Amino acid sequence: MKFAIFGNTYQAKKSSHAETLFRILEKRDAELSVCREFYDFLVSDLKLDIKNVRLFDENDFEADMVISIGGDGTFLKAASRVGKKNIPILGINTGRLGFLADISPEEMEVTFDEIYNNKYKVEERSVLQFNCGNKKMETSPFALNEIAILKRDSSSMISIHTTINGAYLATYQADGLVIATPTGSTAYSLSVGGPIIVPNSNTIAITPVAPHSLNVRPIVIPDDWEITLDIESRSHSFLVAIDGGNESFNENDRITIRRADYTIKVVKRFNNVFFNTLRSKMMWGIDSRN
């Protein structure tokens, strides 16, 4: 099999399992391509001796499967590079929570045994597409997790006039608004009070951040509906955060958000159950008194 590998390049201890990963794949005579930035980190910082690999930059790679070793942030970066390539991504978790990257380092050996025996499943995850007229984006306009509209300064809130399929929904007076996929429902959206949505439910969650009024709550809509946003701000500008990366916009920039025309394929072990992940990662339903 051909694998393309991305990894965390910030904390050495989180990438220390990379040596085990390369050993496992070498034993299976896998054909490996490694993101140049990750390779340089492994060689220069971790002093690993990595042989017989191809290096690639940006999205200049082809593979049967992509491997992300790190946390969910690393997975999101890998997903951005994969884009429309339709290559499934396996996430090995060396971070903290790990909803996307949910294979523990201890499970690597058995997971690759299952992969080579074709005993795994691939889940399709929807992606959001951001558009702002003819404005050129510095970051990718596609989000696997969420698109967040946020105030720039620390004091005054912003007003977000929200329309769904041309019908006026509400004006959110808040610190921001998070538009999340089911995949992103357990990320930033959840931290500001959004609902947990099961994968593949074909929905989008719209959740205000610190709303000024108590009578606005999160709302879930079908993911084939289009969201239009017009923002007012005392500073006449605001931030747009797309899966962590952000840039500034002016208040006269009209924003539209819709489902992208492609999905991201996520590799899961054959016995993976979303509700089991909720219980193990978030202590869902656990009674702390027991």
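**A chat about selected residues**

Mentor: Thr 277 counts as buried, at 10% relative accessibility; buried means under 20% relative accessible area, exposed over 50%, and partly exposed in between, using a 1.4 Å probe and protein chains only. This is a predicted model, in which local features need pLDDT of at least 70 and side-chain atom pairs count only at pLDDT 80 or more, while totals for chains, interfaces and linings use all residues. Residues are numbered from 1 along each chain as its sequence is written, and side-chain values use heavy atoms, with hydrogens and water left out.

Trainee: Where is Thr 277 found?

Mentor: Thr 277 lies in helix 6, residues 274–282. Helices (H or I, at least four residues) and strands (E, at least two) are DSSP runs numbered from the N terminus.

Trainee: And which residues does Thr 277 touch, not counting those up to four places away in sequence?

Mentor: They are Phe 99, Asn 272 and Met 282, where contact means heavy atoms within 4.5 Å.

Trainee: Changing topic, what is the phi of Asn 200?

Mentor: Asn 200 has a positive phi of about 65°, although it is not a glycine. Asn 200 sits in the loop between helix 5 (188–191) and strand 12 (203–209), and is partly exposed at 46% relative accessible area.

Trainee: What about Ala 210 and its phi?

Mentor: The phi of Ala 210 is also positive, near 45°, in a residue other than glycine. Ala 210 belongs to the loop between strand 12 and strand 13 (219–222).
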